[in-house]
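Visitor: Can you walk me through this one? I'd like to start with the strands.

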Amino acid sequence: MDCEFCKKIWNSKEEYKNQFESTWEEDNAIVMENGKPSLYVPCDDWYYAKTVMQINYCPNCGAKLANKKVL
């Protein structure tokens with residue numbers, strides 16, 4: 001079962017970020033990084049800024065992401 005969070009997987013972090021005028025509008029998103037689904041977590045901390053972590057399952061609903069269509 002899919003949820004609203006994993007229904008849209010972005011081709012890249014940059015593609016996701018480009019839809020906003022300000023970084024303050026960004027939220028967590030699933031993006032492709034090096035051909036693998038990753039969790040993008042916007043953070044304005046200088047050390048952890050814009051963290052991307054590889055994930056295999058949606059952190060919201062638990063759906064496996066490997067076979068999902070990238071939009």
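Visitor: How many bridges join strand S2 to strand S3, and which way do they run?
Guide: This is a predicted model. In it, 5 bridges join S2, residues 29-33, to S3, residues 36-41. The two strands run antiparallel.

Visitor: What stands opposite Val31?
Guide: Ser38, in S3.

Visitor: And the hairpin, which residue takes a positive phi?
Guide: Asn34, with phi near 55°. The hairpin has 2 residues between the strands.

Visitor: Is Val41 buried, exposed or partly exposed?
Guide: Partly exposed, because its relative accessibility is 24%. Val41 lies in S3. Its C-alpha is 7.0 Å from that of Asp27, 14 residues away along the chain.

Visitor: Switching to aromatics. How many pairs?
Guide: The count is 3. One of them is Tyr16 with Phe20, edge-to-face, with centres 5.1 Å apart and 70° between the planes.

Visitor: Why is the pair of Tyr16 and Tyr40 edge-to-face?
Guide: The planes sit at 65°, and over 60 counts as edge-to-face. The ring centres are 5.7 Å apart. This pair links distant parts of the chain: Tyr16 is in helix H1, residues 13-17, and Tyr40 is in S3, 24 residues apart.

Visitor: Are those two tyrosines buried or exposed?
Guide: Both Tyr16 and Tyr40 are buried. Tyr16 has a relative accessible area of 5%.

Visitor: Which residues do ring pairs link into a cluster?
Guide: Trp10, Tyr16, Phe20 and Tyr40. Lys8 also lies over the face of Trp10, 4.3 Å from the ring centre.

Visitor: What makes up the largest nonpolar core?
Guide: It has 10 residues, including Cys3, Ile30, Met32 and Leu65. Apart from it lies another core of 5 residues, among them Trp10, Tyr16, Val31 and Tyr40.

Methods
Residues numbered from 1 in each chain as written. Predicted model: local features only at pLDDT ≥ 70, side-chain atom pairs only at ≥ 80, totals over all residues. Heavy atoms only, no water. Core = buried A, V, L, I, M, F, W, Y, C linked by side-chain atoms within 4.5 Å. Buried < 20%, exposed > 50% of the residue type's maximum accessible area, 1.4 Å probe, protein only. Pairing = 2+ DSSP bridges. Helix = DSSP H or I, 4+ residues; strand = E, 2+ residues; numbered from the N terminus. Phe/Tyr/Trp six-rings, centres within 6.5 Å; stacked < 30°, edge-to-face > 60°. Lys NZ or Arg CZ within 6 Å of the ring centre and 35° of its normal.
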